[in-house]
Amino acid sequence: MNRILNYLKIGPVFAYFFRVFRKPDPNHPTSVNLRMMHGINRISIVMFLFCICVMIFRACFR
């Protein structure tokens, strides 16, 4: 049962969102590929949140 509850934790998801939008830590290794991946993730998260706002706006005013 604890194993299933461990899979359902969503805390690490939100931790990842906050980590993507913070300044990079100089102690962690970095590469061009990693920076590009985080850049694409930022764009994806912003587009996702924008679309959620549009869907809520459209649902409220129909």
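How many nonpolar, polar and charged residues are in the lining of the largest pocket? Hold that for a moment. First, the model: it is predicted.

The fold, then. The chain has three helices and zero strands. In sequence order, that reads α-α-α. Now the overall dimensions. The C-alpha trace spans about 50 × 40 × 15 Å along its principal axes. The radius of gyration is 16 Å, whereas a compact globule of 62 residues would come out near 11 Å.

Rolling a probe the size of a water molecule over the atoms shows where empty space is left. The largest pocket here has a volume of about 470 Å³. Its lining counts 13 residues, and the closest to the pocket centre are Arg19, Pro24, Asp25, His28 and His38. Two elements each give two or more residues to that lining: α2, residues 11–21, and α3, residues 32–60. The largest share comes from α3, with four residues.

Back to the opening question. By class, the lining of the largest pocket has six charged residues, four nonpolar and three polar.

Last stop, the surface. Which residues form a nonpolar patch there? They are Met1, Ile4, Leu5, Tyr7 and Leu8. Together they have about 630 Å² of accessible area. One of them, Ile4, sits in helix α1, which runs over residues 2–7.

To recap: a predicted model, three helices, a largest pocket of about 470 Å³, and a nonpolar surface patch that includes Met1 and Leu8.

Key:
Residues numbered from 1 in each chain as written. Predicted model: local features only at pLDDT ≥ 70, side-chain atom pairs only at ≥ 80, totals over all residues. Heavy atoms only, no water. 1 Å grid on protein atoms, 1.4 Å probe; cavity = no way out; pocket = protein on both sides within 12 Å on 5 of 7 lines; lining within 4 Å. Points joined across faces, edges and corners; volume = space filled by probe spheres on them. Nonpolar A, V, L, I, M, F, W, Y, C, P; charged D, E, K, R; others polar. Patch = residues over 30% accessible without salt bridge, like charges linked within 9 Å, V, L, I, M, F, W, Y side chains within 5 Å. Areas by Shrake-Rupley, 256 points an atom, 1.4 Å probe, with all protein chains shown as cover. Salt bridge = Lys/Arg side-chain N within 4 Å of Asp/Glu carboxyl O. Rg over C-alpha atoms; globule rule 2.2 N^0.38 Å.
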